[in-house]
Each structure stands twice: as C-alpha cells, then as structure tokens.
Amino acid sequence: MVQTKKKKSRGPKPVSVRDERWLHFYRQMVKIRLFEEEVNQLYLGAKMPGLAHLYIGEEAIAVGVCEALRQTDYITSTHRGHGHCIAKGATLDRMFSELLGKAAGYCRGKGGSMHIADQESGNLGANAIVGGSAGIATGAAMSARMRGTDQVAVCFFGDGALGQGLLYEAMNMAALWKLPVIYVCENNLYNEYTHYSETTAGRVSARAEAFDILTESIDGQDVKVVHTAALKCVAQARRGAGPSFILCNTYRFHGHHVGDIDRAYYRSKSEEEQWKSRRDPLKLLADWLKKNKMADAKALQAVENDISTEIKAAVNFALNAPYPEPEEVTQHVYA
Amino acid sequence: MAAKTQDTAVSEAKVREITFAQAINEALAEEMRRDPTVFIIGEDVAEAGTPFKVLSGLVKEFGTNRVIDSPISEAGIAGIGVGAAMTGMRPIVDIMFGDFLTLTMDQLVNQAAKIRYMSGGKLKVPLVLRTTLGAARRSAAQHSQSLHAWVSHIPGLKVVLPATPSDAKGLLKSAIRDDNPVVFFEDKMMYQLRGSVPAEEYTIPLGVADIKRTGTDITLVATSSMVQVALEAAGSLHEADISAEVIDVRTTVPLDKDTLIGSVRKTSRAIVIDEGYESYGVTAEIASVIAEGAFYYLDAPVRRMGAMDVPVPFSPVLEDQTVPTAEKVAELALGLCKNR
C-alpha cells in the first residue's frame, strides 16, 4: 500500500483530504503515467513480449479509488490493469520484471502484463477475460463478511464488461446480500475498437440502479471527484450497507493495445487531441494544486524527477533480472 | 502395484449401511463442523436440500449463513466461490445438474484452474464444485449428460468420481480439505445405493484408484456410474469362467496410472467403461495410458465403451440404448477373451 506520511501539514484552504495527500495523489498518478510510457518504449523496442494495454488517461480512477482503500482491502483488475496494481501498492521493479517474464516478477513471469496479482497489497489479480473478475470481487466481499472483517472489495472493469452477463449475476447477489463490494466501471468510450454506444443499450447507470445499488456517475478525469465518490462508497460498504457502482467517464489516450496505431477508422485525431489537451487527469490535478497554492511548478517537477529516477532504476532491475528456470514450467499448477 | 483403499481400518461392528446421498450429507456436515470456513452455496440448497434431498437437514444445523440459497446464476455462484476461496474460505458450490457446468466454464477453466499458476504460486483456490452426472432418469438431453471429460482436460482442476457410499464420503472430505479447485461428480442414479460406511472419521486420498474386484483374465476400468455396471458384468463373466478385475479410477485427475497399467500387465486385456460421450472422452485418455504403459503385455486391443455420441434422448426405448450396460460389457469381454 502507498506510504502515508506520519506528519500532516495544514494547507491554506480546508479540503477533505490534506494538501500533502493531494500531492501524494499526484505522485501516484505520475508514477502510473511514466510507468506506462516506459512500457510503451519497452514494447516498441521489442524488449517486452506479448501485449500491453496502456492505462494512460485513466490514472485518476485507479488512484482516486485505491487511496480510499486499506492495504487489506481487495481489488480485482483488468487487462488494462497496470494502473490499478501500482495504485494499490505494487512496486515498479517487480511490475516491470513480470512484464518482461522474469523470475523476480510478481507472478514469477507466469502471468505477465494481463495477470499481475499481488496478495500483499490485496490485489487479487488482473483478469484478461472481460468482466471475468465480477464474481471473484463479489466472492471476496462475501468472504470478508463471513470472516467477520470490515474489508471491502473493488471490482475494476471497463465499458466492455457491460456486455457480460456475469456482471449482472454478481451485482444481483451483492445487492441481495448487501455485500461490501464497489463496482468501478471505467467507461473509456471504446470496447476495443468499437464505440460503447454501438454496444450498450440504455443508460449505463440504470443497469446498477435496477438492482437498487447506490450509483454514482462521475467525471473520471478529476481525481478529487473520484476520490470523494470512492470514500462515500467504501464507507457504505464498510458499515454493511451494501454495494455501490461508480461509473467513471474517462478516455483511453492510447490505442486498445500498443500495437493499435491506426485508429482513424474508429475515432478521430481531433477527439483524442481534445481529451489530451483539456481532460488530462494529471494536468487537471497539477493546475488545481498550483491554483490553490498547494504546490508550485518546481515541486511538481521534483515529483516527476523522483518518479523518473525510480522508473529508470526499476526497469534496469527488470532488464537485468534472470528469467525463471525452465523447470518452473510445471510448478504451481496445483497447490 | 495394486492400490488399496486408504480407509482406516475399522472394526466390523462400526460399519453401517447408509445410502450414497447420506454419505455425501455426512461428509459435508462433518467438514462444516470441523472447519468454520466451509460453506455451501447453490440453488435450493437450504430448506429444499436440493431436488435430490442430498443436503437435507444441513441448514438446520448450520444456518442460512453457511448453507446459502442462491439465484439461478451458475456462473455467478461459481465466480463468488472462486473469490471466496482466494480469500480464506472453503466454498462448496452446488451445481444441480452436470449439464449446467457449461454455464460455469469460464469461472472454472479460465479463473479457478489458472489462478494458482498465473500468480506464480501465491494464490490458491480451495473450492469444491459438486455436481451430478448420468442418464437413465428420462430427463432428456439437457439434464442427463456426464461432462467430466471437459474439466478433466484442464490443468489445475482435480476431478473426483466416487462410485460407492464409502468412497463418496472419504473422497468428498479430502476434496474439501484440498487446496485446489476440485470438481466432484455424483451419479444421480446412485443416490439411493446403499453400502458399508465406517462410522469413524476417515478420508480417502485423491489420486488412488481402487480395485473393486480382483481377477486375472481381463481388466474392466470404470468410473462413477459404470463401476456397478462393470461389477455386474464381472459377475456374469465369472459364470462363463472368466476372471475379470474391476478397477474404479475414483479420480480422473490425478489419475492413478500405475494401478491401471499394473493391472493390465497382469491380465493382458482391458475395457474402459465411462458414461461420458465416447468420442474425445475419458475412455480415450485411459485407453491410451494403458496402451502406452502395457503395450507389450496386451493380448487384445484396449477397448472403450462410453455413452453413444448422441444427445441423450427422452424416450426410454431410445435413452436406454445410449449407456453401456453390464450385458454389453460382458459380451465385449467374452469376445476379447476368446483366445485366452
């Protein structure tokens, strides 16, 4: 889990989260952004095998939600999951190692980009079946209650998962049994290469409302908004008042995966430029921090420099780390 | 080579006759008493005790928090089971008919079976999915299949097919204590079968076949519903002076290859009998294990008998043709033993 500072400072304006915590949010978002940019480079440099689905543009959601959680709370993630893993507390060296198929990776190189799981930070795993973790997150929430803890579970999924029946089976049971689970829908507008409006009838939030689940439809680019909604939903879950659904409206800055370069047939360059220039979650937070005098340009640059150094060290660690021994192929099939 | 059943030795006085259904019920109750993390979730499992009444009385002892009636959402309850298993519970997911396994397949195949491996050995999924198999109940094509080959194909799952009340109890207790996802198949026609079951605590390890009858001329390898068929065939073969050995594999995963190969090396002939569809099924896998391991000892080709490759029909005169019978097994065995 992310480090929280012991000493809390007082900012010029009272806000729900203390100032240096907002700067910490910024740090986490920068970490995801720079991690993903490095992943892109690794992939383009043919150093990374397989697929990479970048989270760039959606950072405010992972950070805004995970900052409302405890280390012992659970998340389930998606094929576009690097941001969730980092926000829940994964370390970059072991993340890069996993992406490169190295033994030092979170899954000893057996999972890769789409299956990072980190039990210690409560990450039950990224899932490459769209909507595939809806049952798992709901089951983790049920387990938390049966074991008498106040843990909660967050199920991250995209607009593509709205087409999967499992999601509605799970939401129905979560609502019936008031399970402590928060369904976080990251609507980045595209099911792979198809605009969600071509695949999704009716209002998205109405689907959760039909189960009488608390539903928040929010701007997923503003980390403050996301965090506020997450705090409310997590508090409700913790006090046993049942599940919730946060519909985060967001945008995938890159393609479906790094190889998805030619996108003109499903979305325009101008649409992409508008989101990048006006709705970049990092820029929105940076501007707000500066405007409210919680951080100046120098402080923000210092954050970026710090993270950049951390990324370099982490990627070097991974590039130099050994691959698993060939004998490991038959290990871990059974417990 | 022959494996013995691992039942702890018990005095004759303490062996009782109970039904297969009662044996399952006892195993569940004992494990739920022993371990508070064990719970049951499924359709009509609580007050109804399932349509087969196998779970009758459990909700009275353990309450609705541990015997949970779910909506008709097989994929959903399988997924909830996986998530609960990953986070410290030992769920038992009840899937009423084996035909409905198809609805749980993503959760079983892409999630439960792979989570341990994909996480590099960090996560585990101690889940039991109980379901049924078997035709001959006049239930037609969507309530009669034996789909255990589907899950036996997937690395990461264990698959259990008990054929007697005592095996059912001992194997189910082991399945519940196992740290892996286990799919446990019960033959619907066998629920009222009576048999000796020790009164004392015992378990039977997964992966150990049981020689249900010893013989020297031919090995009849059978699973679940076909074990009784094989035993009946062995009885009539005895009349014809042919000594048949009957091996109950008990678990297709892990498969006790040594016991199968050892038996056929001794008898030189084998028929594999299973109620799954014959093509691409359990009989094919076991027959090839035998052929590879006992080829130079064989006096006849290894033969297979599965369910006919047709959807299970409703009309009794049609349905009864689709499943191997003791007569057909004995007839085939007689032919194989002609030049004995």
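Reader: What span should helix α1 (residues 19–44) of chain A have at 1.5 Å a residue?

Author: The expected span of a helix is 1.5 Å times one less than its number of residues. The 26 residues of α1 in chain A should therefore span 38 Å, and the end C-alpha atoms are 38 Å apart, which agrees. Helices (H or I, at least four residues) and strands (E, at least two) are DSSP runs, numbered from the N terminus. After α1(A) comes A:A46, with a positive phi near 60°.

Reader: What kind of model is this, and how is it numbered?

Author: This is a predicted model: local features need pLDDT of at least 70, side-chain atom pairs count only at pLDDT 80 or more, and totals for chains, interfaces and linings use all residues. Residues are numbered from 1 along each chain as its sequence is written, while chains are lettered from A and ligands numbered from 1 in the order in which they are written.

Reader: What pLDDT does chain A average?

Author: pLDDT is the predictor's confidence in each residue, from 0 to 100. Chain A averages 94, and 95% of the residues score at least 70. Residues 1–15 of chain A fall below 50; this stretch has 16 contacts in the model beyond near neighbours in sequence. For chain B the mean is 95, with 96% of its residues at 70 or more. Residues 1–10 of chain B have a pLDDT below 50, and that stretch has 27 contacts beyond near neighbours in sequence. For the complex, the predictor gives an ipTM of 0.93 and a pTM of 0.94.

Reader: How do I read a helix pair?

Author: Two packed helices are described by the angle between their axes and the distance between the axes. Axes are lines fitted to C-alpha atoms, for helices over the stretch in contact, and angles run from 0 to 180 degrees between N-to-C directions. Take α1(A) and helix α10 (residues 281–291) of chain A: their axes come within 10 Å and cross at roughly 155°. That makes α1(A) roughly antiparallel to α10(A). Angles under 35 degrees count as roughly parallel, over 145 as roughly antiparallel, 65 to 115 as roughly perpendicular and the rest as oblique.

Reader: Is the crossing of α1(A) and α10(A) left-handed or right-handed?

Author: A crossing is left-handed if the near helix is turned anticlockwise from the far one by less than a right angle, and right-handed if clockwise. α1(A) passes α10(A) in a left-handed crossing. Residues in this contact include A:W22, A:F25 and A:R33 of α1(A), and A:P281 and A:L285 of α10(A). Two residues are in contact if their C-beta atoms, placed from the backbone, lie within 7 Å. By class, this contact has 11 nonpolar, no polar and one charged residues. Ala, Val, Leu, Ile, Met, Phe, Trp, Tyr, Cys and Pro count as nonpolar, Asp, Glu, Lys and Arg as charged, and the others, Gly among them, as polar.

Reader: At what angle do α5 (residues 134–146) and α6 (residues 165–176) of chain A pack?

Author: The angle is about 15°, with the axes 8 Å apart. α5(A) and α6(A) are therefore roughly parallel to each other. Their crossing is left-handed. A:G135 and A:T138 are among the α5(A) residues that meet α6(A), where A:L166 and A:M173 are among the partners.

Reader: Which way does α2(A) cross α8(A)?

Author: That crossing is right-handed. Helix α2 (residues 59–66) and helix α8 (residues 223–238) of chain A pack at about 35°, with axes 8 Å apart. Among the residues that meet are A:I61 and A:G64 in α2(A), and A:V226 and A:H227 in α8(A).

Reader: How many residues of chain B are in contact with chain A?

Author: 35 residues of chain B contact 35 residues of chain A. On the chain B side, α3 (74–86) and α4 (101–118) each supply at least two residues. α3(B) gives the most, with 10 residues. By class, this side has 14 nonpolar, 16 polar and five charged residues.
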